[in-house]
Amino acid sequence: MLVDQLIKYFVYETKGYITKTQLVKFIYLADLYAVKWTGKQLTDLDWCYYHYGPWNEEIDTVLSRMEGVDIFQEQINEATLIRPLSLEKIGKDLDFPMGLRLILNNIKREWAGSKKIQPLLDYVYSTAPMTEVKKDNPDPEAKVRLDLKKEREKLLCELGV
């Protein structure tokens, strides 16, 4: 399943210095950028607006399944760090096409690190799917489906296409 591979990729590439919050946002951005540039999502996740951000319960299910096999989760203060079970396995079993690898590397380079959490959240919350939902559904407890195609529509409009 691609969600498993994306989790492994981001956990391995950050060497375990990634919070669950960052990981969810990274997977959202991978899906969002894929839709923005190709018109198709990478995963089959139905993203929704929940607790102020993009969310999908399947990520929790996949993390639970990976716990003790590929990753372990460590609670530190308010954050849950997700670490690789073994540093020796880092990236060995992931074979993404070059275009996808470039997208994922860009997300990691741009947003990984503890000092980038707030800018990451600000950026994610300003994406077209998020702003569209927040206009009509300000209740953070409501689970409202996000339309990732809004980001592509915004791009095409900016390009005059």
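**View 1. Three strands make an open sheet in the order β1-β5-β4, with antiparallel pairing.** Its edge strands, β1 (18-19) and β4 (71-76), each pair on one side only. Two strands count as paired if DSSP finds at least two bridges between them. Helices (H or I, at least four residues) and strands (E, at least two) are DSSP runs, numbered from the N terminus. The model is predicted: local features need pLDDT of at least 70, side-chain atom pairs count only at pLDDT 80 or more, and totals for chains, interfaces and linings use all residues. Residues are numbered from 1 along each chain as its sequence is written, and side-chain values use heavy atoms, leaving out hydrogens and water.

**View 2. Strand β1 pairs with β5 (residues 79-84).** The two run in the antiparallel sense and are joined over two bridges. T19 stands opposite L81 in β5.

**View 3. Helix α4 covers residues 98-111.** From first C-alpha to last, its 14 residues reach 20 Å, close to the 20 Å expected at 1.5 Å a residue (1.5 Å times one less than the number of residues). Just after α4, G113 has a positive phi of about 115 degrees.

**View 4. Helix α4 has buried residues L100, L104, I107 and W111.** Buried means under 20% relative accessible area, exposed over 50%, and partly exposed in between (1.4 Å probe, protein chains only). Seen down the axis of α4, the buried residues fall within an arc of 60 degrees, so they line one face of the helix; the arc is that of the directions from the helix axis to the C-beta atoms. The face turned away from this buried side carries the exposed residues M98, L102 and R109.
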